[in-house]
Each structure stands twice: as C-alpha cells, then as structure tokens.
Amino acid sequence: KAVVSTQSTGEDAIDKEQVWRESWYHKSRRHTIQQIPILYNDEISEMIGCKPALSWSDLTLTWTILFSVSAFQWRLNGPLAWNGARQYCKTLKPVPFFQYTMLVVCATMGILLLSAILQILSYFL
C-alpha cells in the first residue's frame, strides 16, 4: 500500500529530481520530463506491488529479467498478473552488451539516487 507524503516532502523530491534530470539530459524546452524508462517502471511497479521478484528457483526467468527488457516482466505478479507472462519472458533475447552496460549504469545511479532520497526523507519522518 502506497503512503502519500506531505506536500513539502513531495515538492522537495520533485525539485531534487528536476536538478538530477537537468544534469543528465540535454537542456531543452522539449526535454522537460524525461526519465530512464526501466528505472521509472521499476519505481512505479514497486509502488503498485508488481515489481518482478528474482528467484534462485527459476534461473531462466531471472536471467531473462536481468538481461532483457520487456513490459511483460511487470505482469509476472501483483494486481492484474498474467499467467502467460512467465512463458513469454523466457522467449526473449538478451539485450546487446553495450545497451546492457548502459542499463546497469543507469540502474545503479537510480538505486543510489533513490537510496539518498530515502535517507533524506527518513530525517523528516
């Protein structure tokens, strides 16, 4: 269940995200709300409760989730889960290495950013 933050906390988080976004993306009037799609989807799916869980019991699926990208990975569990998502995910091809490297870098930066935001928020809660 998601918890709604206070208005000031939300505004602070938006301001910090805007500063990060401006440093990451090209500054332009057209590029105002860009996000790294996979990190954004993971953040939203965690709030909803459908973020895919990596498991040692199904290594093929875990490998596929780590090394390929598909919207079906967010349909594996949680509300509106789809029984065919597991089978479909296993048919995906891995992302080429250079793209995967960029995904890992972006994911790591996102995790660090989220960790920093959570630490800051913990002081206010």
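**Figure 1. Salt bridge between Lys90 and Asp58 in the predicted model.** The side chains of Lys90 and Asp58 meet with an N to O distance of 3.4 Å. Lys90 belongs to helix H4 and Asp58 to the loop between H2 and H3, so this pair ties together parts that are 32 residues apart in sequence. Lys90 is partly exposed, because its relative accessible area is 31%. Salt bridges with shared partners join Asp58, Arg86 and Lys90 into one network.

**Figure 2. Salt bridge between Asp58 and Arg86.** The closest N and O atoms of the two residues are 3.3 Å apart. Arg86 lies in helix H4 (residues 85-90) and Asp58 in the loop between H2 and H3, so the contact ties together parts that are 28 residues apart in sequence. Asp58 has a relative accessibility of 17% and therefore counts as buried, the limit for that class being under 20%. Arg86, at 39% relative accessible area, is partly exposed.

**Figure 3. Salt bridge between Lys51 and Glu46.** Here the closest N and O atoms are 3.9 Å apart. Lys51 counts as partly exposed because its relative accessibility is 37%. A search of the whole structure finds three salt bridges. Side chains of opposite charge can pair when their charged atoms come close.

**Figure 4. The loop around Ala53.** Ala53 is located between helix H2 (37-48) and helix H3 (59-67). With a relative accessible area of 55%, Ala53 is exposed, since that class begins over 50%. The C-alpha atoms of Ala53 and Asn77 are separated by 8.3 Å, the two residues being 24 apart along the chain.

**Figure 5. The largest pocket.** Its volume is about 1700 Å³. Of the 44 lining residues, Leu39, Asp42, Glu43, Glu46 and Leu114 are the closest to the pocket centre. Helix H1 (7-24), H2, H3 and helix H5 (97-124) are the elements that give two or more residues to the lining. H5 supplies the largest share, 14 residues. By type, the lining of the largest pocket divides into 29 nonpolar, nine polar and six charged residues.

**Figure 6. A nonpolar surface patch formed by Ile120, Tyr123 and Phe124.** Together these residues have about 390 Å² of accessible area. Phe124 is placed in helix H5. Phe124 counts as exposed because its relative accessibility is 59%.

Key:
Residues are numbered from 1 along each chain as its sequence is written. This is a predicted model: local features need pLDDT of at least 70, side-chain atom pairs count only at pLDDT 80 or more; totals for chains, interfaces and linings use all residues. Side-chain values use heavy atoms; hydrogens and water are left out. Helices (H or I, at least four residues) and strands (E, at least two) are DSSP runs, numbered from the N terminus. Buried means under 20% relative accessible area, exposed over 50%, partly exposed in between (1.4 Å probe, protein chains only). On a 1 Å grid over the protein atoms alone, a cavity is a set of points where a 1.4 Å probe fits but cannot get out, and a pocket is an open set with protein on both sides within 12 Å along at least five of seven lines; lining residues have an atom within 4 Å of a point. Grid points are joined across faces, edges and corners, and a volume is the space filled by probe spheres set on the points. Ala, Val, Leu, Ile, Met, Phe, Trp, Tyr, Cys and Pro count as nonpolar, Asp, Glu, Lys and Arg as charged, and the others, Gly among them, as polar. Patches are made of residues with over 30% relative accessible area and no salt bridge: like charges are joined within 9 Å, nonpolar side chains (Val, Leu, Ile, Met, Phe, Trp, Tyr) within 5 Å. Accessible areas come from the Shrake-Rupley method with a 1.4 Å probe; for residues, only the protein chains shown count as cover. A salt bridge is a side-chain nitrogen of Lys or Arg within 4 Å of a carboxyl oxygen of Asp or Glu.
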